[in-house]
Amino acid sequence: MTVRTEDAAQPWHTHTPLFTGSLLADAGALMAYTTGAEKLLADLPVKPERGPDQQQLAQEVIGEQRRVRSAFLRLHAERVYEELTGGLREQRGLSELVFAAAEAFPGLTPTEAQMAAERELAQADKDGREIDQGIFFHELLRAPQAGPHLLEAMLRPTSRARSLAGEFARTGTLELGTVRLERTGQVAHLTLCNGRFLNAEDNRLVDDLETAVDLALLDGQVRVGVLRGGKMTHPRYQGRRVFCAGINLVDLHQGRISYVDFLLRRELGYIRKLIRGARVDDGWPRPVVEKPWVAAVDTFAIGGGMQLLFAVDHVVAAADSYLSLPAAQEGIVPGMANLRLTSLAGARLSRQVILSGRKLWAHEPETRLICDEIVDPNMMDAAVDAAATRLASPAVVANRHMINLAEEPPEHFRAYAAEFAMEQALRLYSPDVIDKVSRFSAGASVARRTGEPS
């Protein structure tokens, strides 16, 4: 199975395993096959140092492994998930689950050591092991038993939130790093404070936001949550509130955006919790705690920021703000926007915004399909407070629950999430994305050196 570097131009021949349907036998065959393939890859230089023939060989080996893993999971996804969750009795998060799979079924998913090595590299220099994680979650989410169980598990509050719940209940305020959480009366205010980067999303912000959403949902004194951007330290927007600039493309270029802990977790975790609530063990009559949410858009809501608007119950936007979803231009899939914007605004406007990059200014009539109120920037505080007061009505939770079921049935969401898991992993490592984020990062570096905002 191994090949010397100087022989890398030679065709790669191996025996693709023929799976029988027996989990034990097929897992053994998968392990034997991937062990040989990994030894072959280890004999090659790292990606930036490979010659064209060596890189072609690496791509063939990696691609064939992915086809084998897909075939294995199409046969065994349900059984694999049962093994990893103790017969569906345990509920595991995404990272815990995918690394447990690497231990229980060697060769099925990348190990923690393999992913740690990839994290040290720029996006262009990785072999894309996150695609193998995408294959894993694609097949689990497609599976009729595993998929719903995994989605329910992702509604559980994080361990970090559970550890901070007592402190928030006592003090009514927490500084989480990139998010400030403050309870005022019956309202929890979640303020994005990643001011240097215009509230751009990164791994830390996703973790802080999920923690804040969990705490707001778990706190018995909170009836309504408000999402808003804080005041910026970025030179172009110094002292102004900004909602969110979307994904941090510099972090993406430098390989610091995680597929599992950012791109997949945000969709199945805190954004879905905004819609479905947090799952609690002793909940009755439903095992989830749901609350209504208001989003306040100052200046702009770009990319992931605009996506958040589709998950809340009321949107207040300043009259000088705008919305955009540039993910297609960046080369990636804009989360669940393709699903939710179509429901809100129709297919034609969705294509204009997602496929063609149309920017929606607050004054345009179409923006009313997404934003409930367009107000003078000086009236934002009053409008947000009034919206939160209206949503604190006791009947709101029951009715939003029914509206959300009608708009986004769980099985409809699961089918979309399964495809998203695969498509987004593939897009992360597509040549056009690598080229675009590299050019953006270079431009940002020049801007920092010259003192100009990027």
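Biologist: Does Phe300 count as buried or exposed?

Modeller: This is a predicted model, in which local features need pLDDT of at least 70 and side-chain atom pairs count only at pLDDT 80 or more, while totals for chains, interfaces and linings use all residues. Residues are numbered from 1 along each chain as its sequence is written, and side-chain values use heavy atoms, without hydrogens or water. Buried means under 20% relative accessible area, exposed over 50% (1.4 Å probe, protein chains only). Phe300 has 2% relative accessibility and therefore counts as buried.

Biologist: How many aromatic pairs does a search of the whole structure find?

Modeller: Rings of Phe, Tyr and Trp (its six-membered ring) pair if their centres lie within 6.5 Å; planes under 30 degrees apart are stacked, over 60 edge-to-face, the rest tilted. For the whole structure, the search gives a total of 6.

Biologist: Why is the pair of Tyr237 and Phe300 classed as it is?

Modeller: The ring centres of Tyr237 and Phe300 are 5.6 Å apart. Their planes stand at 85 degrees, so the pair is edge-to-face.

Biologist: How many residues apart in sequence are the parts that this pair ties together?

Modeller: Tyr237 lies in the loop between strand 4 (224–229) and helix 9 (249–253), where helices (H or I, at least four residues) and strands (E, at least two) are DSSP runs numbered from the N terminus. Phe300 belongs to strand 8 (residues 300–302), so the separation in sequence is 63 residues.

Biologist: What side chain of opposite charge is nearest to Glu330?

Modeller: Glu330, in helix 13 (residues 327–330), is buried yet has no salt bridge, which is a side-chain nitrogen of Lys or Arg within 4 Å of a carboxyl oxygen of Asp or Glu. Lys and Arg count as positive, Asp and Glu as negative; His and the chain ends are not counted. At a distance of 9.1 Å, the nearest side chain of opposite charge is Lys436.

Biologist: Which residue follows helix 14?

Modeller: The buried residues of helix 14 (residues 337–345) include Leu339, Arg340 and Leu341. After this helix comes a residue with a positive phi, near 95 degrees: Gly346.
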